[in-house]
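Subject: Handing over the structure

Hello,

I am passing this structure on to you, and I would ask you to open it next to my notes and look up each residue as you read.

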Amino acid sequence: MSKLFESLQLKNHTLQNRIVVSPMCQYTSEDGFANNWHLVHLGQFAIGKAAVIIQEATAICPEGRISYGDLGIWKDEHIEKLAEINEFIKSQGTLAGIQLAHAGRKASTNKPWINRNQFKPNETNGWQTMAPSAIAFNETDHTPKELSLEEIGILIKQFKEATKRSVQAGYDIIEIHGAHGYLIHQFLSPLSNLRKDKYGGSFENRIRFLLEIVDAMKTELTTQSLWIRLSATDWAEGGWTCYETVKLCQILKEKGVEVMDISTGGLVRHQVIPVSKNYQVPFAERVKKETGAVTGAVGLIDSGKQAEEILQNNEADLIFVAREFLRNPHFVYQAAIDLGVDLTWAPQYERGKE
């Protein structure tokens with residue numbers, strides 16, 4: 001029996017299989033609004049029977065966007081189109097998720113197919129970035145503003161308000177983006193957080209911002225499942241470690257976070273990542289085994305057989321896939337064929353099975 005095509009029961013939701021579409025930025029929004037590109041882009045994965053589709057990193061405030069083309073959910077007017085997309089996704093038996101995010105010092109950049117340069121605050125499509133400490137990601141970047149205690153409080157409130165809008169838009173799953181060098185990760189790592197107040201220094205202080213966000217978001221949840229994406233290591237000396245990730249995940253689990261989506265890296269330019277097949281899977285396995293939390297593996301997973309092996313080895317509970325879905329939006333169909341699973345296709349596509 002294929003584990004990849006077994007269902008997974010969470011507290012309030014059932015996943016029809018173990019395949020999750022990871023958030024993938026499209027840089028195709030204006031003023032944070034979703035449009036028909038997002039409808040078609042995300043909708044095709046639902047037709048293809050992914051268990052969960054997590055919408056790209058969606059900014060809680062304009063300054064939280066990676067680029068001027070990012071999606072946002074900082075105002076009520078954003079809800080209508082997002083709700084339309086979610087209605088279609090859920091009509092196909094797929095759960096709809098959103099990743100709430102703030103890019104911190106890695107914000108205010110150009111679209112990646114143009115270049116990845118950061119705009120200065122006084123340039124068109126640019127704004128003043130912010131971070132736990134005034135340390136730029138690149139030497140050529142504009143120095144971010146160190147957040148005041150008052151500004152940190154405002155950000156926590158913005159995560160709460162974004163959660164409320166996410167509930168109104170009909171999302172089943174809300175994922176916090178705490179990875180890849182964006183704002184929450186910047187607070188977690190001692191390489192980017194040099195604060196001397198209650199948000200810096202010790203492990204307990206560096207995780208405080210995230211825990212306060214979780215507490216604020218939980219007040220707005222009804223039946224939604226709360227997930228988190230974390231970078232388990234900075235791949236850099238003196239940075240955030242897997243040991244700390246495990247400790248944090250245990251705390252988050254106790255707070256009701258249901259799924260730990262485990263990635264790595266992205267915080268500093270001098271990271272050294274030993275990229276190879278399944279190179280991030282051991283981190284997910286460690287979190288799963290040491291905390292007992294439902295855990296997702298991610299990174300260079302591009303076949304059903306590879307995904308099945310990870311699950312059979314008990315290294316993760318879910319498989320998060322990104323780039324392979326861009327190459328093949330019906331990756332789930334192909335994985336079923338490869339594993340000899342008779343998956344029910346969308347009836348409009350059934351003749352394609354013959």
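Below are some notes on one arginine and on the aromatic rings.

Please keep in mind that this is a predicted model, in which local features need pLDDT of at least 70 and side-chain atom pairs count only at pLDDT 80 or more, while totals for chains, interfaces and linings use all residues. Residues are numbered from 1 along each chain as its sequence is written, and side-chain values use heavy atoms, with hydrogens and water left out.

Arginine 165 lies in helix α3, residues 149–168 (helices are DSSP runs of H or I, at least four residues, numbered from the N terminus). Arginine 165 is buried, with a relative accessible area of 12% (buried means under 20%, using a 1.4 Å probe and protein chains only). It touches Ile73, Trp74, Lys75, Asp76 and Ile79, leaving aside residues up to four places away in sequence, where contact means heavy atoms within 4.5 Å.

Turning to the rings, there are 10 aromatic pairs, counted when the ring centres of Phe, Tyr or Trp (its six-membered ring) lie within 6.5 Å, with planes under 30 degrees apart called stacked, over 60 edge-to-face and the rest tilted. Tryptophan 235 and phenylalanine 283 have ring centres 5.4 Å apart and planes at 90°, so this pair is edge-to-face. Phenylalanine 325 and phenylalanine 331 are also an edge-to-face pair, at 5.5 Å centre to centre and 75° between the planes. Phenylalanine 325 is buried at 1% relative accessibility, and phenylalanine 331 is buried at 3%.

Best wishes

How values were computed
Helix = DSSP H or I, 4+ residues; strand = E, 2+ residues; numbered from the N terminus. Buried < 20%, exposed > 50% of the residue type's maximum accessible area, 1.4 Å probe, protein only.
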